[in-house]
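Please keep the structure open while reading.

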Amino acid sequence: MTRTDSAAPRRPGRSRRLRIVAAVGVLAAVAGYLTVQYVSGGRGSDQCTVRSADGSYRLTPEQAANAATISAVGTTRGLPERAVTIALATALQESALRNLDHGDRDSLGLFQQRPSQGWGTERQIMDPVYSAGKFYEHLVKVPGYSRLPLTEAAQRVQRSGFPQAYAKHEPDAALLAAALTGRTPGALDCEPPRTTAGTGDATKVRAALASAFGKDVRPTAVAPSAGAAASGALAVPVRADRRADRDGVPQRGWELAHWAVAQSEALGIDEVAYGGQVWAAGSGWHTEREASKREKYDTDEVRLRLVR
C-alpha cells in the first residue's frame, strides 16, 4: 500500500526547528545577561559616572568604591597619578574592579593575587587596602615604572599570561585616576545611592577614612544648628597639599570628596560638600549658587552628611 504523507517517516518539521532556534536564542540571551551581571557585579541599576573633557566612564558603586580605595592608597604613599593609573588598569583587567573571592588557581581579590606566591593570606588579600598596598609595594621596585608603557609596568608586577590585555584599560584608568586623585574636580557622580544605602554610621566612616588615607585623617562631628535635630554631619580636614588645580583649590580636597561620593552607598553618605560645590544623592553636583540655602563650605575641609 502506498504511504500517504501522514504515514511517511517522521522528520523534524518546520515548527520543531523554530522551537529549537527559539530555545537557542533564549539560552543565548540568558547567557548574555549573566555575563553582564558577572562583569558588572550584578548592580545594573545604581550607576556611577566619571565625566571630564576627556570622556566618560560608567561603573557600579562597588567598582567606584574599590577604585577610590586603590587611588587613596596610592596617593597616601606619595605616589604619582601615573602609579594610580597603572594600578587601576591592572585591577580593571584582573577583576573588573571587584573584590573576587575566586580566580585562576588560588588567585583572589582586586588584583588576583595568590597566597601561594607570597602575596599574603587569603584574608589579607581580600582587604582592598592591603591588596592595593601590595601592588604598589611591588610597582615602586620596578625601575622607571612611571616612564614605562603601562602594559610593561603592570606585567613586571603581575607576570600575567596575557600581558597585552592591560593596555586596553589605560584610557578608562586614566580617566578614573584624574578624578579620584582630585585633579578633575566634580567629575564623579553616583546616583541614586539613597535607594539602597543604609543609615550612615560616623564610626564606620572614620574607620574607612583612616584605613584608606591613614590615621592622621580625623573627621570631627559637626554640631547641629540651634533648635535642629542631630545633623549626622562630619567635617574632614584637608591637610596642606602641594597639588592644586588651575583654580588653586587643593587636589587633596577633591580627592577626599570623590572618595566620599564613591563610598556613599556603602557608608550611607547622603551629601558631600567641598570647594563651593555640593553633591547630593540623586541630584549630583551643584554650585553654591544653585544650592543657595546650604551652608557655605571652604577648601579647608570636606563636609559629609550621613543618611539618618
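## A pair of facing residues

Thr-49 stands opposite Asp-189, a residue of strand β3. The model that shows this is a predicted one. Strand β1 covers residues 47-52 and is joined to β3 by four bridges. The two strands run antiparallel.

## The three-stranded sheet

β1 and β3 belong to an open sheet of three strands, whose order is β2-β1-β3. The pairing in this sheet is antiparallel. Its edge strands are β2, residues 55-59, and β3, residues 188-191. Each of these edge strands pairs on one side only. From one strand to the next, the twist averages 20°.

Two helices lie across the sheet strands. Helix α2, made of residues 61-76, lies across β1, β2 and β3 and runs at about 110° to β2. Helix α7, made of residues 170-180, also lies across β1, β2 and β3. The angle between α7 and β2 is about 90°.

## Strand β6 and its two partners

Which strands pair with β6? One partner is strand β9, residues 301-306, which is joined to β6 by four bridges and runs antiparallel to it. Within this pairing, Ala-273 stands opposite Arg-303 of β9. The other partner is strand β7, residues 277-280, which pairs with β6 over four bridges, again in the antiparallel sense. Here Val-272 has Trp-279 of β7 as its bridge partner.

β6 and β7 form a hairpin, with two residues between the strands. In the turn, Gly-275 has a positive phi of about 55°. Strand β6 itself spans residues 269-274 and is mostly covered, with six of its six residues buried.

## Two helices that cross

Two packed helices are described by the angle between their axes and the distance between the axes. Helix α8 consists of residues 202-213, and helix α9 consists of residues 251-262. Their axes come within 12 Å and cross at roughly 130°. The crossing of α8 past α9 is right-handed.

Which residues of α8 meet α9? They are Val-205, Ala-208, Leu-209, Ala-212 and Phe-213. On the α9 side, the residues are Arg-252, Glu-255, Leu-256 and Trp-259. Sorted by class, the contact has seven nonpolar, no polar and two charged residues.

Technical notes: Residues numbered from 1 in each chain as written. Predicted model: local features only at pLDDT ≥ 70, side-chain atom pairs only at ≥ 80, totals over all residues. Heavy atoms only, no water. Pairing = 2+ DSSP bridges. Axes fitted to C-alpha atoms, helices over the stretch in contact; angles between N-to-C directions. Contact = heavy atoms within 4.5 Å. Buried < 20%, exposed > 50% of the residue type's maximum accessible area, 1.4 Å probe, protein only. Left-handed = near helix turned anticlockwise from the far one by under 90°. Nonpolar A, V, L, I, M, F, W, Y, C, P; charged D, E, K, R; others polar.
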